[in-house]
Amino acid sequence: MSEHRRKPPQPQGGGRAAARRGQSGSSSGRRAAPRGATGSLADSYGSSSQDSASHGPGGEDRPYGGRAEARRAAQRSTGGGGRRRGAEPARAGRRGAPAGRGRASDPGKKRFIDYPRAGKYGVARWVPSWKLVTGLFIGFIGSLVAVAGVGYALVSVPNVAETATAQNNVYYWSDDTEMVSTGGETNRQIVNLAQIPKAMQYAVVSQENKTFYTDSGIDPKGIARAVFNMARGGNTQGGSTITQQYVKNARLNDQSQTVTRKFKEIFISIKVGATVNKDEIMAGYLNSAYYGRNAYGIQAAARAYFNKDAKDLNPGECAFLSAMLKGATYYDPAGATSIDATQATPEANQRRALRQMQDTLNKMVEYGHLSAAERAKYTTLPKWQNPRSNTQLKGQIGYLVDLAKAYLINNKIISADQLQQGGYSIYTTFDKKKVGELEAAVKKVRKENIDPKKRPDKDTYVQFGGASVEPATGAIRACYGGVDATTHFTNNCDSTGAQVGSTFKTFVLAAAMKWGVRDPDLGESQAQDERTVVNAKSLFSGKNNLKIENYDGSIWKNEEGKEWLQENDGRQSYGSPPKYQIDLREAMRESVNSAFVQLGMDVGLDKVKESAMDAGLKENSLAGTNYPSFSIGISDPSAIRMAGAYATFAASGKQNEPYSVERVTSKDGDVFTHKAQPKQAFEKKVADNVTDVLKTVVEDGTGTNAQLTGREVAGKTGTTDGNKSAWFVGYTPQLSTSITMFRLDDDETKKNRTFLEMYGTGGQEKIHGASFPSEIWHDYMEKALKGQKAIDFPTPEPIGQIVNEEPSPTPTPTPTETESPSPTPTPTPSQTPVSPTPTATETCRFDWQCEETGGTDNGGTDGGVTSTPTATSTEGNGGNTNGNGNGGLFGGSGG
């Protein structure tokens, strides 16, 4: 580049005037400022071309060797910092900015916390120094120690006797008058550690906290797990050491599941562990723990389960009681009545309790607290006694309280622990007047007909159950659970295990009117879509010993290739030979088994099951659908569920879940209010047509005993195989009620109780739904509906087609004198001859169909259920006769 075109560097102060001054000074011999000394941004980044040009004509040699030296000189003149730091004041000056703006930091001034770090660039600027990290860690630990110290100082060691108190819950009738105040009684008697067997102490140590005598009182892992679970919205799982459990028991007045409570318990546990003797902690824990049956403390538990003092417990009983500490709902061998009845049956609880007891004994041996020889003495559950109930819960009150508690607990409205602490006002759906009238109706029939002294072999162990549900809402208005809740612990209105028999035919008819029968000429997949909805005039065979077919006309056979011959009550055929066809209205009125078993096959047993569940039955109360007999009631729902399912038809297809609690309040205000959530389970025309057919049963069929004065009634009788249970379920538009009767050994401590036959019970040849159950239903409903306006059922809309309709016969020509006389007219259904009684060879060709004596003699006029397959069949729980049934209010098993 030529000298005359070179642009000279501009000194600090910038601008053209400064440039001119520089050129003038250069020509007059003045020495120019060293490059970079001015702090000019341009000088700081001068190019090599400029360096070379500085030696050209009109310029002087620079005193510095190069850019590096110039940079160092600039840094020295500005007091250090990077080259960009040194350039900042000049840049700001050129822009007219205030002095100091734009500086990342003042290198001459030290900060208390050097972050972001001075003198660092890029990522390094944001990486904290080891001094900063160490300081923060020490500060954090110091804060924790300070908080812990304050917390430790503020908490005090609890006194179980003073703090472990509870309040009552008050239950109210549907009219808001008080029913009973119960649930908060504290059954506790504190005993000294010397009165508690060493075996009991070692049992809880071995099972719950083997390091009890050496630990500090807390379990860090357990605490972390509890906090983690709370953060996820789950349960805290409680303290995992005996000391923590002791503290929790002593603070029953604060059972909130919060982080604050948990940390407070931790501080208390640490203080208790440091200041209280281990023996004192052990005594406090065993005296405050809850063992079920409203028993707090080891002394109350020993009395509740074994009717003995704590000091007299043997190692087996101690291990048993330690199992109760895990939660008596699932370990009390008597079961938990209605509370989580699905899992807490006596049998299930006994299995769990024995398994836990054996595990505890094994650990006691393993840890050296029990000899192997002594342990070998205890291989079964100790002999326990049934729970003693509060006398306030006598009669039906205890059953009603159980239903209300079960509803709250199983719907996760209030926990069992919270209920035990009390303080709630629980407003139920139960109508005091109706409850009393239902109990009176049962007592009347029992008093007039059941006499165990006169007929000990026939009338002993007779039981009844019943329930009333309001169709419009699902509210349970009445319940009969047994003779007395303080002596008979199974709630017969909520769970019995008694098969429902022919009352199940209603769901078969509903399925046929909702989905229809399959086309026999189509394949399985296509037939599911191509269906024909039936009406009450559809024809099916009423023949006794009918050979059951699949929907496509093939003969049904089980996995062993055996056919199914369906028997009717009294071995009677209905309809005209040779086909014995009758319409579904007559089949329902006379409770003809063969017609409904074949109808179920044509519709599909999966659809029959779906229909029952749509109406309100729970799946776990239904038998398997592998056998045709599913359609005639081998399932065992509860009285509540049956009343609720029939209520769906009374409400023209709207299904409401049965419920027992309207609202709950506490000192803090409203806790819960029931909100109805009805669903349209069936179209109105389907439900109304089902009702229209069931009206025939009461008007002119097996249910005439249930007729009410001036009211329309729809209902169905039911009797089961071997005459082991009988039902009547019926309804008006305002109220649906179910009544069941059966014989079952009342000793609930026995395993494998079985339903007993009722031939000769009450002085009758057989018990069927048309007898005592319908009589109880009638007496109760007459009084329960007294004063209420009589409402008729809706007139049903036409539905479906006539399936299997016979073609009109060809007119017979008038006979001439030479023709033979007309044959004898075929008898009408009322004249239909009874089929001759088949021989044993005919009716018992298959042992799985005739396993019980009297199994084919099915109960009066009510067509019972034929024998079900043997226990080794694939029939689900279809052959249940052991009294441990399913289908309570929450679909669970009963004790």
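Visitor: How many bridges join strand 1 to strand 5, and do they run parallel or antiparallel?
Guide: Three bridges join them, and the two strands run parallel. Keep in mind that this is a predicted model. Strand 1 covers residues 169-172, and strand 5 covers residues 425-428.

Visitor: Which residue in strand 5 does Tyr171 stand opposite?
Guide: Ile426. Tyr171 also has a bridge partner in strand 2, namely Val180.

Visitor: How does strand 2 pair with strand 1?
Guide: In the antiparallel sense, over four bridges. Strand 1 and strand 2 form a hairpin with five residues between them. In the turn, Asp176 has a positive phi of about 70°.

Visitor: What holds paired strands together in general?
Guide: Strands of a sheet pair through backbone hydrogen bonds.

Visitor: Are the faces of strand 1 covered or open?
Guide: Both faces are covered. Asn169 and Tyr171 on one side are buried, and so are Val170 and Tyr172 on the other.

Visitor: What is the strand order in the sheet?
Guide: The order is 2-1-5-15-16, in an open sheet of five strands with mixed pairing. Strand 2 and strand 16 stand at the edges, each with a single partner strand, so one side of each has no neighbour in the sheet. From one strand to the next, the twist averages 20°.

Visitor: And how do strand 15 and strand 16 pair?
Guide: They pair in the antiparallel sense over four bridges. Thr665 stands opposite Asp670 in strand 16.

Visitor: Change of topic. How many disulfides does a search of the whole structure find?
Guide: One. The disulfide joins Cys479 to Cys493, with 2.1 Å from S to S. Cys479 is in strand 7, while Cys493 is in the loop between strand 7 and helix 22, and the two are 14 residues apart.

Visitor: Is that disulfide left-handed or right-handed, and why?
Guide: The torsion about the S-S bond of Cys479 and Cys493 is about -85°, so the disulfide is left-handed.

Visitor: Are Cys479 and Cys493 buried or exposed?
Guide: Cys479 is buried, at 0% relative accessibility. Cys493 is buried too, with a relative accessible area of 0%. Cys318 is another buried residue, with a relative accessible area of 0%.

Visitor: What about aromatic pairs, how many are there?
Guide: The structure holds 20 aromatic pairs. One of them is Phe742 and Phe755, which is edge-to-face, at 5.4 Å centre to centre with 70° between the planes. Phe742 lies in strand 20 and Phe755 in strand 21, so the pair ties together parts that are 13 residues apart in sequence.

Visitor: How buried are Phe742 and Phe755?
Guide: Phe742 has a relative accessible area of 1%. For Phe755 the value is 6%. Buried means under 20%, so Phe742 and Phe755 are buried.

Visitor: Which residues do ring pairs link into a cluster?
Guide: Phe504, Phe507, Phe630, Tyr646, Phe649, Phe682, Tyr731 and Phe793. Phe682 also has the charged end of Lys514 over its ring, 5.0 Å from the ring centre.

Visitor: Where does the charged end of Lys278 sit?
Guide: Over the ring of Phe212, 4.7 Å from its centre.

Visitor: Last one. Why is helix 10 described as largely enclosed?
Guide: Eight of its nine residues are buried, so helix 10 is largely enclosed by the rest of the structure. Among the buried ones are Ile242, Tyr246, Val247 and Lys248.

Methods:
Residues are numbered from 1 along each chain as its sequence is written. This is a predicted model: local features need pLDDT of at least 70, side-chain atom pairs count only at pLDDT 80 or more; totals for chains, interfaces and linings use all residues. Side-chain values use heavy atoms; hydrogens and water are left out. Rings of Phe, Tyr and Trp (its six-membered ring) pair if their centres lie within 6.5 Å; planes under 30 degrees apart count as stacked, over 60 as edge-to-face and the rest as tilted. Buried means under 20% relative accessible area, exposed over 50%, partly exposed in between (1.4 Å probe, protein chains only). A charge sits over a ring if NZ of Lys or CZ of Arg is within 6 Å of the ring centre and within 35 degrees of the ring normal. Two strands pair if DSSP finds at least two bridges between them. A disulfide is a pair of cysteine sulfur atoms within 2.5 Å. Axes are lines fitted to C-alpha atoms, for helices over the stretch in contact, and angles run from 0 to 180 degrees between N-to-C directions.
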